[in-house]
Amino acid sequence: MNDIVFSILNGINIAFGIVAALFMIYQIGIAAFGLKPAKKCTAAVTKQHKFGIVICARNEEGVIEYLIDSLLAQDYPKEKFEIIVLADNCTDRTAQVSKEKGCIVYERFDDQKVGKGFALHWLYERMLKECPDTYDAICMFDADNIVDKGYLAAMNRQLCAGTQIAQGYRDMKNPTDNWVSGGYALYWYSLMRFYYVARNNIGLTAMCTGTGFMFRWDVMKKLGGWNTRSMCEDVEFSFRRVADGYKIILDTDAVFYDEQPTSFALSIRQRYRWAVGNIQGVLYCAGDLLKAVFKRHSLVALDVFLFSLCIPSVSFMVFSAILQLSLMIANPSALSATLPVALLSLIGGYLVMVGQGILVLLLEKKKVGPMWKGLLLYPIFVVSWAIINFVGLFYRKSVWKPIKHTKAMTIEQMEQ
């Protein structure tokens, strides 16, 4: 390879590495505040608010009754909440099972506007017309979830504290099934601890994670309905609300459990959709976040804007790795010198990721032993996600498809 070309490519590689490193340093700096225990809401309970609990479901007859049962078992007055099931394009008994359990059921059939965002827009448009003043707040769940008995009481305390939007604590139904579900579990535990807890501890904002979150009904009334367009409606909803001046609070006492995929192929499809949806959210909302930064001098909006650039920054790392490998192949004379460094970097990166997984399990008071499959292959899960994000940055074509859930568990089984 020509020396000049080699020098240019090497310079580009270094520049990408520096940009990625700066983002990583920022995120690690914030994450350090997650080493402290999460702040607890200590507000006095002055009112028992009325909740509408929305469950989004598509062909979930095998698991939805367990979620409904866990909600009916809440340590909260039953007259103070109603369960609303959105049966979206269902061809099974999801709607019938929900009605038999006493839920309010909305059935939607639309084979053109497919996806959770479209379904939520349809549902809230009707609720704003049919029951505009019935609820104080809405909690949202996916049908495969089950909910801890203290969830509503914790969210009610947040409402009494004046919170507008709150995210519950996502735990796992099946973290030890195999290495894929284990990788998901380590990811979500890390996100909860090193992103949400860390930011709440220093007065920044959490994000809504698609399920297990709560917002005051007044927020929806002010918006005039659900107004997202991306494939990750939760990310876009969070970006837009932060740009509007809201802060999302994490409540670690509002616990719910979520089922994780066990198929690596399925996980690639899901994470690719998330990558596309995240990028769409950035494209739709980055301008509004920057306006909030400059007009309101909002550090919260600035942090979310910087977080939104994580996918591009991760893609820089992938691009840098590909370019570095190409340079090594194109310059065999330098291979003997660079190969040992590259191998040491790979080993060091592997150990760091496994160590981070062990650390978050210890901080979250989870048993390390049963998670050995997820821990050993967690680096593969992380690196594959980086590659997926890299692909999603340049190729964005994804169709929303439902994921089949089969992990039928009661809340009592989960607690045991």
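Student: What makes both faces of β1 count as covered?
Tutor: Phe51, Ile53, Ile55 and Ala57 lie on one side of β1, Gly52, Val54 and Cys56 lie on the other, and all are buried. Buried means under 20% relative accessible area, exposed means over 50%, and partly exposed is in between (1.4 Å probe, protein chains only). Seven of the seven residues of β1 are buried, and the strand is called mostly covered. The model is predicted: local features need pLDDT of at least 70, side-chain atom pairs count only at pLDDT 80 or more, and totals for chains, interfaces and linings use all residues. Residues are numbered from 1 along each chain as its sequence is written, and side-chain values use heavy atoms, leaving out hydrogens and water.

Student: How do you know that β1 pairs with β2?
Tutor: Count the bridges. Seven of them join β1 to β2. Ile53, for one, has Ile83 of β2 as its bridge partner. Strands here are DSSP E runs of at least two residues, helices are H or I runs of at least four, and both are numbered from the N terminus.

Student: Why are β3 and β5 called edge strands?
Tutor: Start with the sheet. Eight strands form an open sheet, ordered β3-β2-β1-β4-β7-β6-β8-β5, with mixed pairing. The strands β3 (104–108) and β5 (146–147) each pair on one side only. For β5 the partner is β8 (residues 248–258), over two antiparallel bridges. Ile146 stands opposite Tyr257 there.

Student: Which helices pack on this sheet?
Tutor: Helix α5 (residues 151–160) does, touching β1, β2, β4, β5, β6, β7 and β8. Touching means contact, with heavy atoms within 4.5 Å. The direction of α5 makes about 170° with that of β8. Helix α6 also packs on the sheet, touching β6 and β8, and its direction makes about 150° with that of β6.

Student: What makes Leu266 fall into another class?
Tutor: Leu266 is found in helix α9 (residues 264–296). Its relative accessibility is 22%, so it counts as partly exposed. Leu266 is 86 residues from Val180 in sequence, and their C-alpha atoms are 9.8 Å apart in space.

Student: Why is β6 described as largely enclosed?
Tutor: Eight of the eight residues of β6 are buried, so the rest of the structure largely encloses it. With β8, β6 pairs in the parallel sense over eight bridges, and Ala166 has Ile249 as its partner. With β7, three bridges are found and the strands run antiparallel. Ile165 stands opposite Phe215, and Gln167 is partnered by Phe213.

Student: What shows that β7 is covered on both faces?
Tutor: Phe213 and Phe215 sit on one side of β7 (residues 213–216), Met214 and Arg216 on the other, and all are buried. In a regular strand the side chains alternate between the two faces of the sheet. β7 also has four antiparallel bridges with β4 (residues 137–142), where Ala137 stands opposite Arg216.

Student: Why are α6 and α13 called roughly perpendicular?
Tutor: The axes of α6 (residues 179–201) and α13 (residues 372–394) come within 8 Å and cross at roughly 75°. Angles under 35 degrees count as roughly parallel, over 145 as roughly antiparallel, 65 to 115 as roughly perpendicular and the rest as oblique. The two helices are therefore roughly perpendicular. The α6 residues in the contact include Trp179, Val180, Tyr184 and Tyr187, and those of α13 include Lys373, Leu377, Phe381 and Trp385. Axes are lines fitted to C-alpha atoms, for helices over the stretch in contact, and angles run from 0 to 180 degrees between N-to-C directions.

Student: How do you know that α8 is mostly covered?
Tutor: Eleven of its twelve residues are buried. Charged residues such as Glu233, Asp234 and Arg240 are among them. Gly245 follows α8, with a positive phi near 110°.

Conventions:
Pairing = 2+ DSSP bridges.
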